[in-house]
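User: I have a model open and a few things to ask about it. Can we go through it piece by piece?
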Amino acid sequence: MAVEFNRIITLLRKERGLTQKQAAQDLGISQAQLSHYEKGIRECGLEFVVQVADYYGVSCDYLLGRSAERSGQTISVDQLPDATAHSDSVYRGSVLPVMYKKLIENSLDIIFDKLAACRDKDLVGAVSNYLMLAVYRIFRHLYQASPKNVASMFRISRARWQSDTDAAMHMAEADLQAVLAGENGPAAPRAVAALDMTTAGLTAEYPRHATSLLNLIKNSEESARSMHKSS
């Protein structure tokens, strides 16, 4: 419980713009005690979990990391909106590919909406290049898995393509970081303002798609954290 709880109560306090001192006063505990909870040094009782949930207007499941939704809602594939409504969009097979496809598509909708609001072509280019390379790599792995597929579909040789796309993805990510750091000139106020985000703000601005993004973040971090546990 501690790992998720301390992270989330810190996030909620900072998103609300509260100091530790103010939040502690409102919750009826000392600042030192709240600091220990936020750092994961001490674990609180369930009564305090409920009190914090009421204070921030979220569910206990959200506070404990059991749900990516502030309301504590758990989602099924049918509750995720389709990013596209094209009649030729066909989903085959089990429910799992459908779930992940919707999570990714809806999350990308939010990312590209934020990019559109930034109006920075270098930022759009860097993000798009990275994502296209990631899709290319996945598709090529799948394509090459079958010996029946013709290798000449691709211009980069089998011996070079992974190293070449590794380098290209690193370059795209470096371009992204450079743009965000202002190396191409100071970021426009519009771009900076467009990237101001909170979980509450995302949920309000994208009432349906934010569900996908928040769950994608949760799933991705669980996958990344599992690497530390296994090492």
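Analyst: A term to start with: a residue is buried when its relative accessible area is under 20%. Also, this is a predicted model.

User: Fine. Which residues of helix α2 are buried?
Analyst: In α2, residues 20-27, the buried ones are Gln20, Ala23, Ala24 and Leu27.

User: How wide an arc do those buried residues span, seen down the axis of α2?
Analyst: They fall within an arc of 100°, so they line one face of the helix.

User: And what follows α2?
Analyst: Gly28, with a positive phi near 75°.

User: What lines the largest cavity?
Analyst: Its lining is made of Ile9, Arg13, Ala23, Leu27, Leu34, Glu38, Val52 and Tyr56. Each of α1 (2-16), α2, α3 and α4 supplies at least two residues of that lining.

User: How does the lining split by class?
Analyst: Six residues are nonpolar, two are charged and none is polar.

User: Now Arg42. Where does Arg42 sit?
Analyst: Arg42 is in the loop that runs between α3 (31-39) and α4 (46-56).

User: What does Arg42 touch, leaving out residues up to four places away in sequence?
Analyst: Gln33, His36 and Tyr37.

User: And how far is Arg42 from Asn6?
Analyst: The two are 36 residues apart in sequence, and their C-alpha atoms are 9.4 Å apart in space.

Technical notes
Residues numbered from 1 in each chain as written. Predicted model: local features only at pLDDT ≥ 70, side-chain atom pairs only at ≥ 80, totals over all residues. Heavy atoms only, no water. Helix = DSSP H or I, 4+ residues; strand = E, 2+ residues; numbered from the N terminus. Contact = heavy atoms within 4.5 Å. Buried < 20%, exposed > 50% of the residue type's maximum accessible area, 1.4 Å probe, protein only. Arc of directions from axis to C-beta. 1 Å grid on protein atoms, 1.4 Å probe; cavity = no way out; pocket = protein on both sides within 12 Å on 5 of 7 lines; lining within 4 Å. Nonpolar A, V, L, I, M, F, W, Y, C, P; charged D, E, K, R; others polar.
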